[in-house]
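User: I am new to this structure and would like to learn how to read it. Can you take me through it feature by feature?

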Amino acid sequence: MGLFFNKDKSKPKGKVISLLNQKGGVGKTTMAFNIAHALAKQGEKRVLCIDMDPQANLSLLCSGGVSLEKDNNIFHLLINSIRELKALHTPSVFTDIVVRGETIDLLPSGEELSGFELSVAGISSPRQLILKRFLEKSNILNFYDYVVIDGPPTLGLLVVNILCATDGLLVPFRPDEFSRKGLGHLYGVLENIEDMGIAETPTILAHIPNLVDYRRKQEGQDLEKILGDLKEQFDVPKVVDPFYNRASLVKSQAEKKSVFEFKGKEFDKLQGQFRHIAGLIETWKEEGKSL
Ligand SMILES: Nc1ncnc2c1ncn2[C@@H]1O[C@H](COP(=O)(O)OP(=O)(O)O)[C@@H](O)[C@H]1O
Ligand SMILES: [Mg+2]
């Protein structure tokens, strides 16, 4: 009985939620930022954002627009977690890198991350599992209820690392022809990971149509096509209500604040939409099974 108790105790309770789509400008960063805030507000959860995009947009948002002026970032943490490379780099530890915020904490990104693939090319341990092993070794999921990862607009090794470390996946997309193709490629990578059997395949928690403008007839038709594709591919396509093109969202981003810090009809609606997604995540986490 004691054994079971220990086993249960050592199982981390935190979940890794990632925002992925290899297309830029679909709302990954916007969603990661606001969903992280929605999660944190839901029962005072502890949330850590990890910015895995070398462009570091989420880092800028989370730090209120103040340049972080850090020599070290998530790249250095990841490299330091690899035994073979550790000796070659300046040491860096979680507590030096983490930026503590009022609501959410952040592991910032930096442009070094664009050289990640090359930096780890020669290692003998599995290159796809660097992020996953780092999260396990650093015990982060025993400290945070949620780790929210913002992905880069690519489909390379960084994304494979994110997919292998993810429990629940959120996929924002724009209702256009290119997004249709893009989603197909992303699910191709997911299938490869499944086939390789190197990590548990993440649960797709939601597809999030974003920047939708129903006044444009073409967009309405493209969205219908994408929904049709998703219905073919998945038994339950899990598509949430679309996010429209909202000036208020642009305004909140410009001020480097979440929508929860503003009042007004448009903000109420946006808050409701982000809260709904946070609710889906929470239910899935509590039930410990697929939605
Ligand atoms: N629903 C929306 N309404 C208006 N602007 C949006 C919306 N979603 C995202 N944006 C804006 O679109 C741009 C791209 O969004 P972003 O989250 O950076 O995408 P990604 O991270 O996928 O590249 C940003 O300037 C953001 O403020
Ligand atoms: Mg982004």
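User: Leaving aside neighbours within four places in sequence, which residues is Cys49 in contact with?

Analyst: A note before the answer: this is a predicted model. Beyond four places in sequence, Cys49 is in contact with Ala32, Ala36, Leu58, Cys62, Ile104, Leu106, Val148 and Asp150.

User: Which residues have the most contacts inside the largest nonpolar core?

Analyst: Ile35, Ala36, Val47, Cys49, Val147 and Val148 do. That core has 71 residues. Its largest share comes from H2, which gives eight residues.

User: What is Asp105 in contact with, leaving aside its neighbours within four places in sequence?

Analyst: Leu48, Val98, Val99 and Arg100. Asp105 lies in strand S3, residues 104-107. Asp105 and Cys49 are 56 residues apart along the chain, yet their C-alpha atoms are separated by 6.1 Å.

User: Is Asp105 buried or exposed?

Analyst: Count C-beta neighbours. Asp105 has 21 of them inside 10 Å, so Asp105 counts as buried. The cut-off for buried is 20 or more.

User: Is Val250 buried or exposed?

Analyst: The count works the other way here. Val250 has 11 other C-beta atoms within 10 Å, so Val250 is exposed. Val250 lies in helix H12. Try the distance reading again. Val250 and Leu106 are 144 residues apart along the chain, and their C-alpha atoms are separated by 21 Å.

User: How many residues of helix H9 are buried?

Analyst: Eight of nine, so to read H9 (residues 157-165) is to read a mostly covered helix. The buried residues are Leu158, Val159, Val160, Asn161, Ile162, Leu163, Cys164 and Ala165.

User: Which residues of H8 are buried?

Analyst: Ile130, Leu131, Lys132, Phe134 and Leu135. Their cover includes S1, helix H4 (74-80), S4 and H9.

User: What follows H8?

Analyst: Asn139, whose phi is positive, near 65 degrees. The general idea comes next. Most residues other than glycine have a negative phi. Asn139 is not a glycine, yet its phi is positive. The place of Asn139 is in the loop between H8 and S4. Asn139 has 11 C-beta neighbours inside 10 Å, so Asn139 counts as exposed.

User: What is the phi of Lys256?

Analyst: Positive, about 60 degrees, although Lys256 is not a glycine. Lys256 sits in the loop between H12 and helix H13 (265-287). With 14 C-beta neighbours inside 10 Å, Lys256 counts as partly exposed.

User: Which residues come nearest to ligand 1?

Analyst: Read a ligand through its shell. Of the 17 residues around ligand 1, Gly27, Lys28, Thr29, Thr30 and Gln253 come nearest. The elements that give two or more residues to this shell are helix H2 (28-41) and helix H12 (247-254).

User: How do the residues of that shell divide into nonpolar, polar and charged?

Analyst: Six are nonpolar, nine are polar and two are charged.

User: How many helices and strands does the protein chain have?

Analyst: Now the whole chain. There are 13 helices and six strands. The radius of gyration is 19 Å, close to the 19 Å that the globule rule gives for 291 residues, so the chain is as compact as a globular protein of that length. The C-alpha atoms fill a box of roughly 55 × 45 × 40 Å, taken along the principal axes. Buried residues make up 41% of the 291 residues.

User: What share of contacts between residues at least 6 apart in sequence join residues at least 24 apart?

Analyst: That share is 79% in the protein chain.

User: Where does pLDDT stay under 50?

Analyst: Check confidence last. pLDDT stays under 50 over residues 1-8. For residues 1-8 the model has zero contacts beyond four places in sequence. The protein chain averages a pLDDT of 89, and 93% of the residues score at least 70.

Notes: Residues numbered from 1 in each chain as written. Chains lettered and ligands numbered in written order. Predicted model: local features only at pLDDT ≥ 70, side-chain atom pairs only at ≥ 80, totals over all residues. Near = placed C-beta within 6 Å. Helix = DSSP H or I, 4+ residues; strand = E, 2+ residues; numbered from the N terminus. Nonpolar A, V, L, I, M, F, W, Y, C, P; charged D, E, K, R; others polar. Core = buried A, V, L, I, M, F, W, Y, C linked by C-beta atoms within 7 Å. Buried ≥ 20, exposed ≤ 12 C-beta atoms within 10 Å, placed from the backbone. Contact = placed C-beta atoms within 7 Å. Rg over C-alpha atoms; globule rule 2.2 N^0.38 Å. pLDDT = per-residue confidence, 0-100.
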